[in-house]
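Here is a short report on the structure shown below. It starts with one chain and ends with the contact between two.

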Amino acid sequence: MKNLKYLVLGVLFGIILTKSEVVSWWRIQEMFRFQSFHMYGIIGSAIVVGLISIQLIKRNRLKTINGEEITLADKKYTHGTWIGGIIFGLGWALTGACPGPMFAQLGSGVAGAAVLILAALAGTWTYSALRDKLPM
Amino acid sequence: MLELLRQPWPWYVAGPLIGLTVPALLLIGNKALGISSSLRHICAACVPAGIPFLTYNWRTELWNLFFVLGIGIGGFIGYHLLGHPDAVAISTETVRDLKAQLHLTDFSGLLPKELFALENLSNWKGWVFLVLGGFLVGFGTRYAGGCTSGHAISGLSNLQWVSLVAVIGFFVGGLLMTWVFYPMLF
C-alpha cells in the first residue's frame, strides 16, 4: 500500500492545520484585517523552514527513501497566475478556507464544508471547461 | 502532554511543522505539496465530460487524494480528540469589527454558524459564503495553478517568482473582499 504514507502525513497535516486554527474562518478574517500576527507567523515560518529544507535537499543531492532522484519542477507563469490568484483571494476571504482547511473542516464535522467542497469542485470543473477561452 | 496538545498551537510550533511537510513529501516520494490539485483529480475521476484538461490518468495522482483524505481524518482528530472547548481566541479588534460590520453574535466554532449553517442556503448570505465562496476558491486556485500550499508554502520555499505573483494576487483578492466588498454586502 504505497499510498498509506501519504495518508499518514495528511493526518498529521490536518491535525496541525486544525490545532493552529488555520482552518478557522475567524483567523483568516483577523489576517485580512491585519489584527493579529498569528497567520503571518505561521505562513512566514513555514516558508523559512521549507526554504532551508529544500536548500539542504538540493545541496546534499538527497534522494527519496526509495532512492529516487528528487526533482522540483518550476512553476510556469500565465496571466492566470495573477487573475486566478485574485479570484482565489476573493473566495478565500469569503469562505475563510483554502482547499486544505475545507477537508479538515469537513472531518471536524462542519456540514457547510461539504457544500464548500462541492462548490469548489464546481469551480474547478468550470475552469477546466472554459480553459481554452480564458486569457493565459 | 495531552493537556498541552489540546491547547491551540502557537504559530511558532505550527508554522515550522507545516514547513517540514514540504521536505517530508519530497523525501518519502518526490511529491510537491499542493492541495488544490486534488479538486482537479476528483473532477477528472468523477465528471471528466470529455474536457481535455480533465482527461488524464488521475490514478497516478492517487497519493494526493490519500493526502487530502488524511487531512479530513486529521481534522476529526484535531477537533474532537485533541479539541479545546473555548472559542477561537481572535483579537478583540476583530471581534468588535465583525460584530459591527457583519452583525455576528455567535463566536463559537471554527466558522460563524450565522453565515455557514446549511439553513442559510435558504437566503442570499448562505449562497454568497458557501456557494460563491467555494466556487471562487475552486476556480481561482486552478486558474492560478495552486493555492496557499502549492504557491505560498511550496512555491515560495523553492524561490519561484511565479508563486510570489500568485500570493500577491491571493492577498489583493482577499483584501478587496474584506475591505471593499464586505462593506458593500452588509
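Chain A holds 6 helices and 0 strands. Helices (H or I, at least four residues) and strands (E, at least two) are DSSP runs, numbered from the N terminus. Along the sequence, the pattern of chain A reads α-α-α-α-α-α.

This is a predicted model: local features need pLDDT of at least 70, side-chain atom pairs count only at pLDDT 80 or more, and totals for chains, interfaces and linings use all residues. Residues are numbered from 1 along each chain as its sequence is written, while chains are lettered from A and ligands numbered from 1 in the order in which they are written.

The model has an ipTM of 0.96 and a pTM of 0.96. For chain B, pLDDT (the predictor's confidence in each residue, from 0 to 100) averages 95, and 100% of the residues score at least 70.

Taken along the principal axes, the C-alpha atoms of chain A fill a box of roughly 40 × 40 × 35 Å. Of its 136 residues, 57% count as buried. Buried means that 20 or more other C-beta atoms, placed from the backbone, lie within 10 Å of the residue's own.

UniProt, in an unreviewed entry, lists residues 38-57, 77-94 and 106-130 of chain A as "transmembrane region". Such annotations may be inferred rather than shown by experiment. Two of these spans are set out here.

Next comes a helix pair. The axes of α5(A) and α6(A) come within 8 Å and cross at roughly 145°. Axes are lines fitted to C-alpha atoms, for helices over the stretch in contact, and angles run from 0 to 180 degrees between N-to-C directions. On the α5(A) side, the contact is made by A:Pro99, A:Met102, A:Gln105 and A:Leu106. From α6(A) come A:Ala113, A:Ala114, A:Leu116, A:Ile117 and A:Ala120. Residues are in contact if their C-beta atoms, placed from the backbone, lie within 7 Å.

Now the two chains. Their contact takes 101 residues from chain A and 106 residues from chain B. The elements of chain A that give two or more residues to this side are α1 (4-19), α2 (25-32), α3 (38-59), α4 (79-95), α5 (99-108) and α6 (112-130). The largest share, 16 residues, comes from α4(A).

Note on methods. Contact = placed C-beta atoms within 7 Å. Buried ≥ 20, exposed ≤ 12 C-beta atoms within 10 Å, placed from the backbone.
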